[in-house]
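Trainee: Could you go through this one with me? I'd like to ask things as they occur to me.

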Amino acid sequence: GAAALTPAARLDRLVRSSGKLALLDRLVPRLAARGHRVLLYSQFTRVLDIFEDWAGGRGIPAVRVDGSTPGPVRQAAIDAFNAARVDPATGASALPLFLLSTRAGGLGINLATADTVIIHDADWNPHADLQATARAHRLGQTRPVLVLRLATRATIEERMMEKAKEKLKLERRVVVSGRARGSPPGAAKRKSRAGSAEEAGEGEA
């Protein structure tokens, strides 16, 4: 039974229960071994709990920030991640993984030392995901940034991603239309962003 399983066997069963986690289980260790720094986002703190258990079980050093993380702890995690070095002998990063909730990780955080962003589950508001990926595109970034959005085929996630693309396309049309009518540069864009902010609300995961 499950009670007789070893910790390693329980972890393997957990990984096999999710296609996304199985992919992360193959991908993240390889990225870490090659010196890459990964930001792994989810909207849900329960999913971050699973990520923590998985990373600990696989021996992957990680830090975490979500909406409930106190300010000093939050800043300490950011500083530790940004200060981590790559081992010159092995090429591996000393702290390769940062776990973040999408909303908490998209506000006032500079993680320009990261070069890989993985969004485990998309937000209904595409700007929340864009703000999250922007954490790795801050001043000081010296490498190309790879952004991966995970979605399960033939599920509601596909529809969410399609709707997000449609929303961003519509916003671009609004911006172009506003400029064509002679609106001040950026006015339509600011108005559109304000509307998106109202939709997103103020809450964090």
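Mentor: Let me begin with a pair of helices: helix 2 passes helix 3 in a right-handed crossing, a term that applies if the near helix is turned clockwise from the far one by less than a right angle, with anticlockwise giving left-handed. Helices here are DSSP runs of H or I with at least four residues, strands are runs of E with at least two, and both are numbered from the N terminus.

Trainee: Before we go on, what kind of model is this?

Mentor: This is a predicted model, in which local features need pLDDT of at least 70 and side-chain atom pairs count only at pLDDT 80 or more, while totals for chains, interfaces and linings use all residues. Residues are numbered from 1 along each chain as its sequence is written, and side-chain values use heavy atoms, with hydrogens and water left out.

Trainee: Back to that pair, then: at what angle do the axes of helix 2 and helix 3 cross?

Mentor: The axes of helix 2 and helix 3 cross at roughly 40° and come within 12 Å, where axes are lines fitted to C-alpha atoms, for helices over the stretch in contact, and angles run from 0 to 180 degrees between N-to-C directions. That angle makes helix 2 oblique to helix 3, since under 35 degrees counts as roughly parallel, over 145 as roughly antiparallel, 65 to 115 as roughly perpendicular, and the rest as oblique.

Trainee: Which residues of helix 2 and helix 3 meet?

Mentor: From helix 2 there are Leu-21, Leu-24, Asp-25 and Val-28, and they meet Ile-50, Phe-51, Trp-54 and Arg-58 of helix 3, contact being heavy atoms within 4.5 Å. By class, that contact has six nonpolar and two charged residues and no polar ones, with Ala, Val, Leu, Ile, Met, Phe, Trp, Tyr, Cys and Pro taken as nonpolar, Asp, Glu, Lys and Arg as charged, and the others, Gly among them, as polar.

Trainee: And helix 1 with helix 3, is that crossing left-handed or right-handed?

Mentor: Helix 1 passes helix 3 in a left-handed crossing, and the two pack at an angle of about 130° with their axes 10 Å apart. They are therefore oblique to each other. Leu-11, Asp-12, Leu-14 and Val-15 make the contact from helix 1, and Ile-50, Asp-53, Trp-54, Gly-57 and Arg-58 from helix 3. By class, this contact of helix 1 with helix 3 has five nonpolar, one polar and three charged residues.

Trainee: Does Val-15 count as buried or exposed?

Mentor: At 7% relative accessibility, Val-15 counts as buried, which means under 20% relative accessible area, with over 50% being exposed and the range in between partly exposed (1.4 Å probe, protein chains only). Leaving out residues up to four places away in sequence, Val-15 touches Leu-21, Ala-22, Asp-25, Trp-54 and Arg-58. Asp-12, also in helix 1, counts as partly exposed at 30% relative accessibility, and its C-alpha lies 9.2 Å from that of Trp-54, 42 residues apart in sequence.

Trainee: Which residues of the largest nonpolar core touch the most other members?

Mentor: Of its 19 residues, Leu-24, Leu-40, Phe-51, Trp-54, Leu-97 and Ile-118 do, a nonpolar core being a set of buried Ala, Val, Leu, Ile, Met, Phe, Trp, Tyr and Cys residues joined through side-chain atoms within 4.5 Å. At least two residues of this core come from each of helix 1 (7–16), helix 2 (19–33), strand 1 (38–42), helix 3 (45–58) and strand 3 (97–101). Another core lies apart from it, with 18 residues, among them Ala-84, Leu-111, Ala-114 and Ala-136.

Trainee: Changing topic, how many residues of helix 5 are buried?

Mentor: Six of the eight residues in helix 5 (residues 126–133) are buried, so this helix is largely enclosed by the rest of the structure. The buried ones are Pro-126, His-127, Ala-128, Asp-129, Ala-132 and Thr-133.

Trainee: One last thing, is phi of Ala-154 positive or negative?

Mentor: Phi of Ala-154 is near 60°, a positive value in a residue other than glycine. Most residues other than glycine have a negative phi. Ala-154 sits in the loop between strand 5 (146–149) and helix 6 (156–180), and at 68% relative accessibility it counts as exposed.
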